[in-house]
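Me: I am new to this structure and would like to go through it step by step. Could you show it to me?

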Amino acid sequence: MTLLSPHGPEGAAVLELTGGVGLGVVTTALGDVFYEHDDTTTRVVIILDEPGQIEFTVRSEDVGARPSVTVVQVADGANQLRTALSSYLVEFDRIEGVTASRQRRSP
């Protein structure tokens, strides 16, 4: 998944995923990721080493059952919280073997 920012590079984000089937390990290559699952929700916190595009991967038992995503909070590259979140989009990358399809969903 990729957080598409109307402001350019970001420093951190908190997202909440609901739905989906068997959501599992969350990873990122660009910084640190913290996550917690409960019965219906997965909360994901991504903190980048340097400001940039926020991207992460969530393992799922059924890639056809996409979760809904809510952008809870975003911090800019200077660690200042963004005041408006309605313009953010989340782009889903479904990866199966060597193929990928990109679909965008508004949070």
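Me: Which side chain makes a polar contact of 3.5 Å with the side chain of R82?
Reply: The side chain of Y88 does. A polar contact is a pair of N or O atoms within 3.5 Å; within protein, one must be able to donate a hydrogen and the other to accept it, and residues adjacent in sequence count only if both atoms are side-chain atoms. This is a predicted model, in which local features need pLDDT of at least 70 and side-chain atom pairs count only at pLDDT 80 or more, while totals for chains, interfaces and linings use all residues. Residues are numbered from 1 along each chain as its sequence is written, and side-chain values use heavy atoms, with hydrogens and water left out.

Me: Where is R82 placed?
Reply: R82 lies in the loop between strand 8 and strand 9 (89-96). Strands (E, at least two residues) are DSSP runs, numbered from the N terminus.

Me: New topic: what is the strand order in the open sheet of four strands?
Reply: The order is 4-5-2-8, with antiparallel pairing; two strands pair if DSSP finds at least two bridges between them. Strand 4 (31-37) and strand 8 (67-76) each have a single partner strand, so one side of each lacks a neighbour in the sheet.

Me: How many bridges pair strand 4 and strand 5?
Reply: Strand 4 and strand 5 (residues 41-52) pair over seven bridges. H37 stands opposite T42 in strand 5.

Me: Which element has the lowest mean pLDDT?
Reply: Strand 10 (residues 99-105) does, at 36; pLDDT is the predictor's confidence in each residue, from 0 to 100. Where pLDDT is low, the predicted coordinates should not be read in detail.
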